[in-house]
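Hi,

Here's the structure I said I'd pass along.

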Amino acid sequence: MGNGRPTPPILRALEQCAAALWLAAIGWLLFATLTAQLARAAEIPAELGAGTLFFRSEAGFDPAAPLATDVRISVSGIVARVAVAQRFHNPGSERLEALYAFPLPDDAAVDRLILRIGNRLVEGEIREREQAERLYAEARDAGRRASLVSQSTPNLFTTAVANIGPGESVDVTIEYLQTVRYDAGELSLRFPMTFTPRYGERAEAASTAPPGDPALGEAAPPINEAAIEVVLDAGLALADVGSRHHEVRLTQDGTKYVVQTAPPRVPMDRDFVLHWRPAVGAAPAVGALTETVGDTTYALLMILPPADGRAFVAQPRELICVIDTSGSMAGQAIEQAKAALADALGRLTSADRFNVFRFDSTTASLYRTPVPFDAATYAEALEYVKGLRANGGTEMKPAIRAALSQPAWRGYLRQVIFLTDGGVANEQELFATIRQHLGDARLFTVGIGAAPNSYFMRKAAQFGRGTYTHIGDTSAVAGAMQALFDKLERVALTDVVVDWPDALELYPHQVPDLYAGEPVIVVGSFPARAGTIDVRVWGRVGDAPWSQAVSLAPGAAPGVAALWARRKIEHLLDSRVDGVDEQLIRKMVVDVALEHRLVTPYTSLVAVDRTPAAAAGSPLARRRIANMVPAGSAYASLPQTGTPAALFRLLSLLFLAAALLVLRCARYGR
């Protein structure tokens, strides 16, 4: 009290009681609020782990490993059709509704859904997303078995399966088309089996918790496994066929190869990458496939760079290196990125300038502006890179803006190398940032880790007028960076123009330069006609003009029409970056998707079995179990995306207990 006299015991006791009651009220409010938030977060998973089946119960969501995953891939030339079959089994005594999340290549054209219940097959139908969801919900509530395939992001899809009876198995098969990738004289096909969770999405629903997490129970995470078979018909003799990350068994019959994982089932903790190398000549070449549907012919052209390339006189370069040091990069990924960055710096010359940026929750740079490359600055850069550690959030936008906004030096070619696992959820915002600040620079993305966000990496490079490189393990760093610098230093074909004699829709509208070791793929459509038409590709090799004609006839190469539609849809969605009205984009995308039966952000595949599995309105059950994470990833222990549920509960209970203890002391400790 202010008069200096001692406080009477009764007043002191009242003050202590009031403080304790106030503390107890705050503790109880904190506990109740967090409990309500956790319960609300458990209602719908914001991010399902790849290869995960979710069941529902009062406790929330539990993923359970599918009984079987079987993948069959057929490659004809440069077009691949992939069928992914999942068998979901209900071992319990209640009917279940299952939610399954799976990654796919970001350019996949998903066009088929088959639901098998016993001997019955139900073919999926393409519908606008809201209509498909309504049909699925009506069938689920009426006790019918049904399945729904929707696109969450361009490279993450979800399947819902309703009314799986006790002891029953339901098979769901997804099919999609994609083109193979050509890089440095090598063709490759990637089948994603896991993914890096995206920064900025709810952590409570992520299924990547480590074994023994109290929030998920003490059961160890399941080992999700897949059997993969590839029938490869390249149409020409191959110099080499192999798998990047898995042991395989290979058989050959002429130009056809059958590739199978060995052992047959492998853990789904890293992507499956098959690669093969054809014989390539000394000049650029053009390959073509066509498919005629109704009165329209669809064509796919692959312009291949020459085997030797032709180097141009390189001008001094300004190399801006940006490295992701967020928590999702912890483990092998950060070591790969640091090795790649050190390798990149070691390839500079005294004629070049450079700077190094790192970002996590914040962005920082080694130098305020780019500096000349010499022995002293090189040593400083290596020491800076050596000290980098992975921790914190993935705030990528400030880093992109800062790197692209560096003061420009006259006479230097600015090249930005961006090393990351792409674990972000705000891709469109980042693409707009690249478009706004790119200027005359070229952005080259380097994907790090077993399962990078390939959609973000590829599209960021597209908007940045550069290329995308993937590094899957530390042993591949030197080779991958050498290939990247070959692209940085050489352009095989410039000023590319495709001359079509008929009116057509061509994607991309503006054909990019052809880099050494990497092709350009162009798709077009034109009115069908009897006989052939000649298409000529023009360009410049070094200082010399170059052209090649290719004949296109009405053909039946399966999937070309769907791939053309996929490219058109991608072009329409990209127009969001330029501010095109979302409703106009939606209408145009839906029209193309319904015509070609493709899953998009606005359309879904739905299959409904008309035979009831249970009485209408019967309850469904779900539970929750942990899922696998990418090999070498430390994402499960990340601090930046949210405090774990168990820790929230523990902190609130400790707070409440402390308040009650103070209250007890106030009563009896006078």
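**Salt bridges, a helix and a patch**

Glu-168 and Arg-145 pair up in a salt bridge, with 2.8 Å between the closest N and O atoms. Glu-168 sits in the loop between β10 and β11 while Arg-145 belongs to strand β9, so the pair ties together parts that are 23 residues apart in sequence. Both Glu-168 and Arg-145 are buried. Keep in mind that this is a predicted model.

Another one to look at is Arg-435 with Asp-578, at 2.3 Å from N to O. Here Arg-435 is in helix α6 and Asp-578 in the loop between α9 and α10, so this bridge links parts 143 residues apart in sequence. Arg-435 is partly exposed, at 38% relative accessibility.

The count comes to 31 salt bridges. There's also a network of them that links Arg-81, Asp-111, Arg-112, Glu-123, Glu-175 and Arg-597.

Now for α2, which covers residues 129-141 and spans 18 Å from first C-alpha to last, close to the 18 Å expected. Its buried residues are Ala-132, Tyr-136 and Ala-139. They fall within an arc of only 65° around the axis, which puts them on the same side of α2. Arg-140 forms a salt bridge with Asp-141 at 3.2 Å. After the helix comes Gly-143, with a positive phi near 85°.

Last, the surface: Val-580, Leu-584 and Met-588 make a nonpolar patch of about 220 Å². Leu-584 is in helix α10 and is partly exposed, at 45%.

Cheers

How values were computed: Residues are numbered from 1 along each chain as its sequence is written. This is a predicted model: local features need pLDDT of at least 70, side-chain atom pairs count only at pLDDT 80 or more; totals for chains, interfaces and linings use all residues. Side-chain values use heavy atoms; hydrogens and water are left out. Helices (H or I, at least four residues) and strands (E, at least two) are DSSP runs, numbered from the N terminus. The expected span of a helix is 1.5 Å times one less than its number of residues. Buried means under 20% relative accessible area, exposed over 50%, partly exposed in between (1.4 Å probe, protein chains only). The arc is that of the directions from the helix axis to the C-beta atoms. Patches are made of residues with over 30% relative accessible area and no salt bridge: like charges are joined within 9 Å, nonpolar side chains (Val, Leu, Ile, Met, Phe, Trp, Tyr) within 5 Å. Accessible areas come from the Shrake-Rupley method with a 1.4 Å probe; for residues, only the protein chains shown count as cover. A salt bridge is a side-chain nitrogen of Lys or Arg within 4 Å of a carboxyl oxygen of Asp or Glu.
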